[in-house]
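Here is a short briefing on one protein model.

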Amino acid sequence: MKKNDVKYSIIVAAYNVSDYIDECLQSILNNEGSYEVIIVNDGSSDDTLDKINKYKSNNVRVFTTNHVGLAEVRNFGMEHAYGEYIMFIDGDDKFTANFLQTINSQIDNCDLCVFSWEPINENSIVTGKAIIVNDFWTMDRMAWNKVYKRSLIKELRFPAGVLYEDVGFTSIAYLTANNIKFINTPLYQYRQRRSSITHIKQKASDHLGILAGLDDVNEWQREYGDKESKIEIQNLNYRIILSHVKRILIDNEYKQNNEEWVLIKLVQYFESVEAKPKKGTIRLLVRVRNRFAIALIEKDKLKLARKLFLVKNSL
């Protein structure tokens with residue numbers, strides 16, 4: 001296939017997904033249309049690469065990186081993409097039948113297309129309702145349930161070496177796009193494995209990867225944004241940080257669940273900022289902390305609120 005003939009570049013990130021990579025690739029290759037598949041094997045130690053190599057063809061290219069992580073794998077794939085549009089998929093997930101035909105019939109030359117998805121288990125059985133997206137607030141920050149015009153994201157890259165690397169990338173793509181399409185048909189199936197990031201308990205510091213993305217979003221706003229986008233971004237930042245604080249509490253909630261204990265975990269979270277974020281994000285974290293304190297004051301929990309304000313001011 002000639003470079004100029006490619007409409008969609010589908011970037012597959014593969015690391016030790018031998019049990020699932022065939023199903024993933026077949027869900028792509030069963031579709032007709034003008035597309036290429038860029039498979040990036042990130043130094044797998046199982047037989048993932050052996051399975052991938054069997055799919056090499058004119059429109060399937062295979063690359064290997066040296067265990068650089070998901071963000072760098074995606075960045076690498078973007079640099080080698082020819083398509084007018086770019087999509088991402090993780091090697092243990094899959095698309096639903098005829099996903100590309102559905103996208104192609106509705107994309108209408110838009111800058112960004114966001115589609116619904118559904119969870120599946122390790123045996124590919126759907127385990128929950130489809131996640132419907134129809135605006136900025138219901139839009140998940142994952143990279144994989146979206147189609148990006150290559151010109152939209154040509155200057156964007158995923159921050160390397162952190163978890164939750166999608167947050168800034170997807171948010172800036174949305175804020176930059178002129179035309180956005182939402183498809184409420186589930187086209188992506190996200191596999192929930194027991195060993196996946198979302199299923200293992202993490203240290204509070206692991207969640208700080210979101211700060212790299214939020215720094216990128218705040219930088220974009222300062223350079224390109226207006227008053228309206230500033231409000232959107234502030235609300236987005238609050239929602240994202242609060243969701244991660246909630247996850248920290250859930251991950252660490254064994255038998256203790258009283259307000260005193262919850263407050264201690266919050267304090268630990270704010271004290272765990274080791275990789276110093278930029279000033280704008282520091283102020284944001286302080287405002288989030290203040291929101292928790294105000295909520296406690298409104299519930300007449302003055303002693304707990306005072307403790308929250310007495311957190312060592314490393315921020």
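The model is predicted: local features need pLDDT of at least 70, side-chain atom pairs count only at pLDDT 80 or more, and totals for chains, interfaces and linings use all residues. Residues are numbered from 1 along each chain as its sequence is written, and side-chain values use heavy atoms, without hydrogens or water.

**Second largest pocket**
- Its lining has 16 residues, and E155, L156, I172, W220 and Y224 lie nearest the centre.
- Two or more lining residues come from each of α5 (166-176) and α6 (209-224).
- A pocket here is an open set of points on a 1 Å grid where a 1.4 Å probe fits, with protein on both sides within 12 Å along at least five of seven lines; lining residues have an atom within 4 Å of a point.

**D111**
- D111 sits in the loop between α4 (99-106) and β6 (112-120).
- D111 is buried (under 20% relative accessible area, 1.4 Å probe, protein chains only).
- D111 has no salt bridge (a side-chain nitrogen of Lys or Arg within 4 Å of a carboxyl oxygen of Asp or Glu).
- K149, the nearest side chain of opposite charge, is 4.5 Å away.
- The D111 side chain reaches the backbone nitrogen of N178 at 2.8 Å.

**Positive phi**
- Most residues other than glycine have a negative phi.
- H67, not a glycine, has a positive phi of about 50°, and lies in the loop between β3 (60-64) and α3 (70-79).
- S124, also not a glycine, has a positive phi of about 70°.
- S124 is in the loop between β6 and β7 (146-149).

Definitions and conventions
Helix = DSSP H or I, 4+ residues; strand = E, 2+ residues; numbered from the N terminus. Buried < 20%, exposed > 50% of the residue type's maximum accessible area, 1.4 Å probe, protein only. Lys, Arg positive; Asp, Glu negative; His and termini not counted. Polar contact = N/O pair within 3.5 Å; in protein donor to acceptor, adjacent residues only side chain to side chain.
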